[in-house]
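Hi,

Here is the structure I promised to pass on. Have a look first, and my notes follow below.

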Amino acid sequence: MMNGRSCGRLSQTTLLAAFGVAGWIFCEAPPPVVAPVEVRRAFVEEPPEPNYLELKADILREFSGAKPGRFGQFVRGVYRKMDTTQKVLAFTFDACGGPGGRGYNAGLIDYLRKEKIPATLFITGQWIDENPSIFKQLASDPLFEIENHGLRHRVCSIDGETKYGVVATRDVGDVVDEMELNARKIARLTGRRPVFFRTATAYTDETCARIAKRLGMEIVNYDVFSGDAEPFAPAATLQDNVLRAARGGAIVLMHFNHPRWNEKEALTAIVPILREKGYSFVKLEDFSLLDRKSASTK
Ligand SMILES: [Zn+2]
């Protein structure tokens, strides 16, 4: 049984006769027809990624019996600052998707382009599906780094713990779906696999951070809380929060999916002040990162 549905395994003989491949597991719906492995290999430069269900099964085995550990924004394994004291600062912007979250702050993105400010965009699979052409434009702009905000914008937890009433992943399998399916979606659309992951609400448990690492991603939160997630927070509040906490290597968290919020207005004031102080702006992928413990000593 898988997810309460009736599942079965086709015999190797049947499969060989039908598709020329072996080991297909199916649940109710018939398996999709896939090209034989020999043909697929002819079209890719690298060996194909492991089959998704096999990868998921491996991780379920590896994490069987795991306890969630602490739940929070800055638990063990979560990164929050770049490993540098140079006067550089990374602006990161989330796009969450779904009801109330599928918008696009074009004015903000235009401002970043006009000022040539690089930024790291954490985007959900949901938002990509809601804004396919905008996503394509963002992904093809070298100013922006596209990272993973989850397939369906779930709080990350292996036992359903949540925050602010946002739906959470319920188990390890859910966590793998949330992280890996969106990583593959972004890789397929952009040609670059994300290396960072941020959960919905930025809350996670420690085991999710280990699962992310197992999938080749690091969970990244923030060093500077802008406060923009409070709907319609005034630009002056965002400006105070960012300027007060800015330091070399800081990671700032904001959003670009609410056209009527005040991030652009705040940045219009923040950016010239930081530039005056000698700061420049970078993408996360340009630096290695520090977790809470290391970040507090730097
Ligand atoms: Zn979000």
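Helices (H or I, at least four residues) and strands (E, at least two) are DSSP runs, numbered from the N terminus. Residue numbers start from 1 along each chain as its sequence is written. Bear in mind that the model is predicted: local features need pLDDT of at least 70, side-chain atom pairs count only at pLDDT 80 or more, and totals for chains, interfaces and linings use all residues.

Ala202, in the loop between β8 and β9 (204–205), has a positive phi of about 70° without being a glycine. Lys116 is another non-glycine with a positive phi, about 55°, and sits in the loop between α4 (106–114) and β6 (119–123). For background, most residues other than glycine have a negative phi.

Are these two buried or exposed? I call a residue buried if 20 or more other C-beta atoms (placed from the backbone) lie within 10 Å of its own, exposed if 12 or fewer, and partly exposed in between. Ala202 has 23 C-beta neighbours inside 10 Å, so it counts as buried. Lys116 has 8 inside 10 Å and therefore counts as exposed.

Next, α7 (residues 172–190). The buried residues of α7, including Val172, Met179 and Ile186, fall within an arc of 165° seen down the axis, so they line one face of the helix. That arc is taken over the directions from the helix axis to the C-beta atoms. Those buried residues pack against α3 (52–62), α5 (125–130), β7 (144–148), β8 (196–197) and α8 (206–214); contact means C-beta atoms, placed from the backbone, within 7 Å. Just after the helix, Gly191 takes a positive phi of about 80°.

Of its 64 residues, Leu121, Ile251 and Val252 touch the most other members. The biggest contribution to this core comes from α7, with six residues.

Finally, β4 (residues 78–82): five of its five residues are buried. Strands count as paired if DSSP finds at least two bridges between them. β4 runs parallel to β10 (residues 218–220) over two bridges, with Val78 bridging to Ile219. With β14 (residues 289–291), β4 pairs in the antiparallel sense over three bridges, and Tyr79 has Asp291 as its partner there.

Cheers

Definitions and conventions
Core = buried A, V, L, I, M, F, W, Y, C linked by C-beta atoms within 7 Å. Contact = placed C-beta atoms within 7 Å.
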